[in-house]
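Reader: Could you take me through this model, one element at a time, and give the cut-off behind each term as it comes up?

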Amino acid sequence: AVAVGILFCLGLGLEVRPTHPSSPSTTHDPAPRVAEATDPGPGGRAGSNSAEKPPPRDIWPAVLAAALLATNPLQNRLVLHGDTHVPAVACILAGLWLLRRWDRGPSNGRAFAAGLAWGLLPSLRYGEAVFSLAAGAFMAVRGLQKGARHRRTLWAAVVGAGIPIALLGGYNTLAYGSPWRTGYAFTHEQTAVSLSSVPGHLSFYFSSLVAQPTIGALVALGLGALGFMILKRESRPFGLLLLGTILLSALLYSSYYWGENEHASLALRFFLPAMACLFVAVTWLLTRAQGWTKWPLRATVAGLIVLGAIRSDAGMREEGQAMRGGAALVAAARQAVPEGSVVICPRGLGETLSYGGRWRIVPQWLFPGDPEREQIIVPWEVTPELAREYAGRPAPMQTTRGAALRSHYRGLDGLDLVRAVLEDIREWEPSADVYWIGDPRVVTGVDSLLTNRRFRALGHLAFPGWSEEEATAGGPTRIPARIPIFLLEPGPT
């Protein structure tokens, strides 16, 4: 996804170059340049003027723009996660490049491809479907401005966008029961969006972005470049398309409930599409810089690229070290636990093991004695007071998440609770073995309640490649380097 994004960013850099060398005589009054080129003048030679053969178009602004994207430290930290924000940025850049190509030379193929790129966005991130409003408005207005040749291709863009949207709707129908129902319906995430959040979140996010080293300078430079782009008549339509995408991005994610809390630094990833649009504006500015501004501006961008590369390297090393513990855990579990087994484990380990995609995960906090049980069960009970507090506004704590699971075991404790959970596991996966990876104290407490079955200790999950120091410290992700593993023996509960 990063490589595709860089490729389309390079393409955009080439597309936004001026068609002719930028100078007042070329842009506004070409006739004198022709006379100047053919008239030798006093002491001159016919055709000797440099306007006779325009210099080659500069490719370095495009290269610098692609390098800006490649060294964006905020984006590069997400690369190791396989996060959908990165391919979404690539999709947006592809859509911008295709719209630029269509605007300069309309065809059904280009319109179809542009529609396809923008139509793919909801498949990556549902909410970013709103970005297509800017693309649709751009195509409609340019169709009216440029005439029938552009308008005749608009149907192809609608067809292109409709294909991935129809496929997504079909998938949602099969998986969730209706085309517009998604996985977020199960976690009530849609209740966490409100326009009332926009003013406070937007100012906080903007100040946080500007305060980031390297990124702050890029944002400031990009906003200035976008302003110049909109002021120029020839680049105003594309500049307004970039501005529209940025504003829709800011509106969408500022209305989300994440804001001035412990997740704020993570939420800055929501603005990667806006930053990509600003990089395109910086590219445009680089192609128009002339005279004494040309090389200082390029040197400034090159310096930001170097700083971005340094910060990206440090951030990716830190992120890679933090993820190594999780990868080692999954690798060790694959060696010890057969595919398709049921695994009881603490919440943090369960989130890591779920990435393996091979086991059925049961939360340890369902069992008595788990230290997280009281923290999870009691504060998250949906009381009338909580229901009134969160009625009609975003619910950041997702107060109803897991309510059905908790209510299923409400009132049970001790042996009754253990039996109920194990019987449900047997009904869920009748032939699967049941493993427990986690706190031996909780397992011992559960064992003391059982009479006919036991969780038999199998040893420990060993993390390959971990040093003794990392094992002692628990690793950078606070996952112990040796985790006890147990197997539930067969028999009646």
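**Helices, sheet and buried sites**

Author: Helix α11 (residues 198-211) has 14 residues and reaches 20 Å from its first C-alpha to its last, close to the 20 Å expected at 1.5 Å a residue, where the expected span is 1.5 Å times one less than the number of residues. Helices (H or I, at least four residues) and strands (E, at least two) are DSSP runs numbered from the N terminus. This is a predicted model, in which local features need pLDDT of at least 70 and side-chain atom pairs count only at pLDDT 80 or more, while totals for chains, interfaces and linings use all residues. Residues are numbered from 1 along each chain as its sequence is written, and side-chain values use heavy atoms, with hydrogens and water left out.

Reader: Within what arc do the buried residues of α11 fall, seen down its axis?

Author: Buried means under 20% relative accessible area, exposed over 50% and partly exposed in between, with a 1.4 Å probe and protein chains only. In α11 the buried residues are V198, H201, Y205, S208 and L209. They line one face of the helix, because, seen down the axis of α11, they fall within an arc (taken from the directions from the helix axis to the C-beta atoms) of 110°.

Reader: Which residues are exposed on the other side of α11?

Author: An α-helix has 3.6 residues a turn, so residues three or four places apart point the same way. On the other side of α11, the exposed residues are P199 and A211.

Reader: In what order do the strands of the open sheet lie, and which stand at the edges?

Author: Two strands pair if DSSP finds at least two bridges between them. The open sheet has 5 strands with mixed pairing, in the order β2-β1-β3-β5-β4. Each edge strand has a single partner strand, so one side of each is left without a neighbour in the sheet, and these edge strands are β2 (360-363) and β4 (455-462).

Reader: Which helix packs on this sheet, and what angle does its direction make with that of β2?

Author: The twist of the sheet averages 30° from one strand to the next. Helix α21 (residues 414-428) packs on the sheet and touches β1, β2, β3, β4 and β5 (482-488), contact meaning heavy atoms within 4.5 Å. Axes are lines fitted to C-alpha atoms, for helices over the stretch in contact, and angles run from 0 to 180 degrees between N-to-C directions. On that basis, the direction of α21 makes with that of β2 an angle of about 165°.

Reader: Which residues does T245 contact, leaving aside its neighbours within four places in sequence?

Author: T245 is found in helix α13 (residues 236-254), and at 1% relative accessibility T245 counts as buried. Leaving aside those neighbours, the contacts of T245 are W118, F131, A134 and C277.

Reader: How far apart in space are H150 and G105, C-alpha to C-alpha?

Author: H150, in helix α9 (residues 148-151), is buried with a relative accessible area of 5%. H150 and G105 are 45 residues apart in sequence, and their C-alpha to C-alpha separation in space is 8.5 Å.
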